[in-house]
Amino acid sequence: MSQPVLFAANWKMHVAPGEARSYLDRFLALDAPRVGRSVAFFPPAVSLETVASRLHDHDHLSAGAQDVHWEAKGAFTGALSVPLVRESGAAAALIGHSERRHVFGETDAETALKVAAVLAGGLQAILCVGETLTQREGGETDAVVARQLRAALAGVAPDADLVIAYEPVWAIGTGKNATPEDAAAAHAGIRVVLGEFGLPTSTRVLYGGSVNQGNVAALLAQPGIDGVLVGGASLDPDGWAAICATIRP
Ligand code: PEP
């Protein structure tokens with residue numbers, strides 16, 4: 001059976017616990033659960049427990065962490081481990097988001113350690129990959145994405161709870177999105193690399209980068225786009241509920 005289409009909301013450094021409570025009251029009033037679709041929220045760490053506990057009784061809704069450290073504990077001021085976020089109610093973690101890579105300087109090697117820690121800790125890993133504008137203009141998209149994947153996928157078991165998010169850096173928060181056809185082509189390349197590691201073709205591959213109510217249906221209509229990872233357009237509960245109501249043809 002195919003896996004549910006995944007709508008993932010990355011709240012980045014927005015939505016404090018009090019705001020999260022009113023957001024979810026509104027979202028839950030609007031959202032109609034349906035078979036074959038799940039929705040995940042990635043709030044800032046201070047709001048994780050609030051969001052996870054509010055969603056606890058809703059099987060199709062979950063909460064996750066925006067990032068984790070690979071060590072389980074230790075002197076890593078400001079960092080969060082897999083056991084810590086798990087106890088706060090996280091079911092998943094984003095790894096290698098472009099802001100982690102390009103704002104905080106996270107390397108492919110660190111991303112690999114994080115994916116391994118997340119999977120070993122029993123959470124779903126959503127590995128984010130994507131090229132910069134310069135790399136795209138230089139015709140390097142497939143090579144960059146393949147390099148990011150290969151660095152993180154060695155040793156990942158075929159039954160691992162893994163999702164890939166293809167997020168071109170130039171499309172994140174810019175209002176420019178890849179065309180559905182370009183996104184689908186990148187997704188096809190991602191599946192080739194997954195195959196190199198014996199990972200199933202059924203592994204979900206999401207698209208992220210300026211997804212909104214106006215473009216989500218066309219993106220999900222492409223074969224191989226199994227969901228979306230959304231930043232800005234997930235911050236308004238009405239708009240996010242409308243995006244999550246999109247039916248994949
Ligand atoms: C993101 O943060 O992963 C993202 C895709 O942001 P936006 O939807 O705002 O481009």
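**Close-up views of the ligand site and a helix pair**

View A. A backbone N or O atom of G231 lies 2.8 Å from an oxygen atom of the ligand, a polar contact being a pair of N or O atoms within 3.5 Å. Taken alone, the ligand exposes 290 Å², and the protein buries 95% of that (accessible areas by the Shrake-Rupley method with a 1.4 Å probe). The side chain of E167 places an N or O atom 2.7 Å from an oxygen atom of the ligand. For K12, a polar side-chain atom is 2.8 Å from a ligand oxygen atom.

The model is predicted: local features need pLDDT of at least 70, side-chain atom pairs count only at pLDDT 80 or more, and totals for chains, interfaces and linings use all residues. Residues are numbered from 1 along each chain as its sequence is written, and side-chain values use heavy atoms, leaving out hydrogens and water.

**View B. The shell around the ligand.** Of the 14 residues around the ligand, K12, E167, G173, S210 and G231 come nearest (a heavy atom within 4 Å counts as near). The shell holds 4 nonpolar, 8 polar and 2 charged residues, with Gly counted as polar.

**View C. Two loop residues with positive phi.** K12 sits in the loop between strand 1 (5-10) and helix 1, and its phi is near 50°. S210 sits in the loop between strand 7 (205-208) and helix 9 (216-220), with phi near 55°. Helices (H or I, at least four residues) and strands (E, at least two) are DSSP runs, numbered from the N terminus. Most residues other than glycine have a negative phi.

**View D. Helix 1 against helix 10.** Helix 1 (residues 17-30) and helix 10 (residues 237-244) pack at about 35°, their axes 9 Å apart; axes are lines fitted to C-alpha atoms over the stretch in contact, and angles run from 0 to 180 degrees between N-to-C directions. Y23, R26, F27 and L30 of helix 1 meet P237, D238, W240, A241 and C244 of helix 10, contact meaning heavy atoms within 4.5 Å. These residues divide into 7 nonpolar, no polar and 2 charged.

Methods. Polar contact = N/O pair within 3.5 Å; in protein donor to acceptor, adjacent residues only side chain to side chain.
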